[in-house]
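Look over the model first, then read the points below.

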Amino acid sequence: MTVDDLLAELHQQQVQLWVEDGQLRYRAPQGALTTNLRNALVQQKQEIMARLQSLQRSPQLTPAPAQLHQPFPLNDIQQAYWLGRQGTFEIGNVSTHVYLEIDCKDLDLSRLNHAWTKVIERHAMLRAIVLANGQQQILETVPPYEMAILDLRADNESAIAAQLAALRQHMSHQVRQPDQYPLFEICASRLNDRTTRLHISVDGLIADGRSLFLLFQDWAECYRNPTLSLPPLPLSFRDYVLAETALQESPATQAAMAYWRARLPNLPPAPELPQAKILVL
C-alpha cells in the first residue's frame, strides 16, 4: 500500500494524524484502526511524517509590488470567459459582463469622472488587459479616462427613447477587445436639467459581482469627497493568482487530488440532465 493509499484509507476511516514534538500522533474511532492499518502506519511512519510536515508548509500570499506589471496567468473562470468570447464554441462570441443603468439627480459629471479616475488608480485590475497568448497584464500607465456624455435635453420624448434604446443595445451586448484598454465603459445621458442616466458596462474578465460593490463604494466616496486620498491596496490580484497557482502545485493539494482520484471509481455518476445545446469544439 502506498502512502497516498494509506492516507486515503485512514481518512475514510476517520483516523486523524498529526506530527507533534517529532512524533506521529493519531486519533481514531473505536475499532477504526485495524491491525493491518496499524502495521502499515508503523512500516511507513517516516514517510507519513514527512508528508504531513510538507502539507503544513502551504504557499503564502505575499505582496510583490515590483512585479505588478509583469504578465501572469488567467484563473480558471477568467480563462472560461476569455475562450467563450471567441468563435471556438457554437454559442460563443459573447462576453460575460455587467451592464447597469442608474438615474441620478443633480449629478456633477466632471466630479464623477475625476472620482472614477481615482478608482482606476487604486484598483489595478481596472487597468488590466488579456494578451493574445492568454496571459493577463496590469498596465503601468493608461490614458486619462473620459466618460462619453450624451446631451438629450433638447430632444423630444420619442427621440430620447430611440437614442437611449440604441445606446442600451450597444452597451448591453458589446464584446470588448480583451487586449485593449479599457475593459469597461461608462456613458452619461443628460435627460433634463436635473436627471442624468449613467450607463455602466464592466467586463467579467476584470471584476466579479462582489468586486463591483467595492468599486462603486470607492467611487461614491471619492465623489462625495473629491479631496479624499484612498490608501493603496497592499495586495494585488496578481499576487492572489500566483499564490493560488502555487497552492495547486503544493504537496497538500497534490495529496488531496490523489485521494479523490483514488475514490473516483466508486463515486456515483453525474446526473444526466437534458441539454438545450451540445457544445462542439
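At 48% relative accessibility, Asp106 counts as partly exposed; partly exposed lies between buried (under 20% relative accessible area) and exposed (over 50%), with a 1.4 Å probe and protein chains only. Asp106 sits in the loop that links β4 (97-105) and α5 (109-122). Its phi is near 55°, a positive value in a residue other than glycine. This is a predicted model: local features need pLDDT of at least 70, side-chain atom pairs count only at pLDDT 80 or more, and totals for chains, interfaces and linings use all residues. Residues are numbered from 1 along each chain as its sequence is written, and side-chain values use heavy atoms, leaving out hydrogens and water.

- Most residues other than glycine have a negative phi, and most peptide bonds are trans.
- Gln14 belongs to the loop between α1 and β1, and is exposed, with a relative accessible area of 57%.
- Tyr181 and Pro182 are joined by a cis peptide bond, with omega about 0°.
- Pro182 is in the loop between α6 (157-172) and β8 (184-190).

**Overall build**

- The chain has 9 helices and 9 strands; helices (H or I, at least four residues) and strands (E, at least two) are DSSP runs, numbered from the N terminus.
- The chain is more spread out than a compact globule, because its radius of gyration is 27 Å, well over the 19 Å that the globule rule gives for 281 residues.
- That radius is taken over C-alpha atoms, and the rule is 2.2 Å times the number of residues to the power 0.38.
- Along the principal axes, the C-alpha atoms fill a box of roughly 90 × 50 × 35 Å.
- Buried residues make up 36% of the 281 residues.
- Of the contacts with a separation of 6 or more, 70% are between residues 24 or more positions apart; a contact means heavy atoms within 4.5 Å.

- Helix α1 (residues 3-12) has Val3, Leu6, Leu7, Ala8 and Leu10 buried.
- Side chains alternate along strand β1 (residues 16-20).
- β1 runs antiparallel to strand β2 (residues 23-27), joined by 5 bridges; two strands pair if DSSP finds at least two bridges between them.
- Gln16 stands opposite Arg27 in β2.
- The two strands form a hairpin with 2 residues between β1 and β2. In the turn, Asp21 has a positive phi of about 55°.

**A three-stranded sheet**

- An open, antiparallel sheet of 3 strands runs in the order β3-β6-β5.
- β3 (72-73) and β5 (128-130) stand at the edges with a single partner strand each, so one side of each is left without a neighbour in the sheet.
- β5 and β6 (residues 135-138) are joined by 3 bridges, and Ala128 stands opposite Ile138 in β6.

**A buried loop residue**

- Met147 is in the loop between β6 and β7 (148-151).
- Met147 is buried, with a relative accessible area of 6%.
- Not counting residues up to four places away in sequence, Met147 touches Leu109, Leu112, Asn113, Ile186, Ala188 and Trp219.
- Met147 and His199 are 52 residues apart in sequence and 9.8 Å apart in space, C-alpha to C-alpha.
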